[in-house]
Amino acid sequence: MDIGNDTGRAADSVVAMLEAKIVSGELENRAPLPAERELMEQFGASRTVIREAISKLSSRGLIETRPRFRPIVRKPDYATVLHACGNVVQHLLTERSGIKNLYDSRVFIERALVREAALAARKEDIVNLRAALEDNRNAISDSSEFYRTDVAFHGVLYRIPRNPIFPTIHEGYTSWLAPQWDRMLRSPERNEVNYLAHKAILDAIMERDPLAAEEALTNHLKAAWEFVRVTFDWGEE
């Protein structure tokens, strides 16, 4: 008898039943998962099976686990998908090519977003972009705060289409690329350059010029990548 396979099949059965309870709302979102002993009795399973099931649910983003705390239920949403694939993405960012591929995908998406903003941004979107840009300008002398407001400015662009997938994608780019960006040298002078690039993007959006908005965004992100390349001495593209 292959005990490992038997345990795995039993754990998969528990996972399927718990997943159904999470999706249906029978297990309330953000509430603690029932205790191990209760789950063992409910499913007639061993502690080993329950712990393997919990591990699988965690890897799928359906529960959050912390040492010494009961797991917390997470009903599936777009953030769940992000959480589930986050660790895998990090493994792809150990080399320059992986970082560049991810960054290029961000450029591709944001080019479309600024075109959409120039064509369809509503009054409240413009207000939000102006406020984010003003926060960015006020933070030029404080590089940590400037980075936060830089992220926030781009985040407004991801919200303009009013599609919940895009803000989740932005959260992913921010979290996945942050370890690389944290290694960058920052200065008020560099912050000023980035602020002016953000201003050019907003100006083009307010002029309802999608081509100019895309050009401003592309120039901004190309310059940002060039700064990364030089900082890490990655040689020519």
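Predicted model: local features only at pLDDT ≥ 70, side-chain atom pairs only at ≥ 80, totals over all residues.
Residues are numbered from 1 along each chain as its sequence is written. Local features need pLDDT of at least 70 and side-chain atom pairs pLDDT 80 or more, while totals for chains, interfaces and linings use all residues, and side-chain values use heavy atoms, without hydrogens or water.

**Exercise 1. Find where confidence is lowest and highest in the protein.**

Step 1. Take pLDDT, the predictor's confidence in each residue, from 0 to 100. Its mean over the protein is 88, and 89% of residues reach 70 or more.
Step 2. Go by helix (a DSSP run of H or I, at least four residues, numbered from the N terminus). Helix 4 (residues 78–91) is lowest, at a mean of 66. Helix 6 is highest, at 98.

**Exercise 2. Decide whether aspartate 125 is buried or exposed, and list its contacts.**

Step 1. Apply the cut-offs: buried is under 20% relative accessible area, exposed over 50%, partly exposed in between (1.4 Å probe, protein chains only). Aspartate 125 has 5%, so it is buried.
Step 2. Leave aside neighbours within four places in sequence. Aspartate 125 then contacts (heavy atoms within 4.5 Å) Val156, Ile160 and Arg162.

**Exercise 3. Identify the helix that gives the most to the lining of the largest cavity.**

Step 1. Compare the helices. Helices 5, 7, 8, 9 and 10 each supply at least two lining residues. Helix 7 gives the most, with seven.
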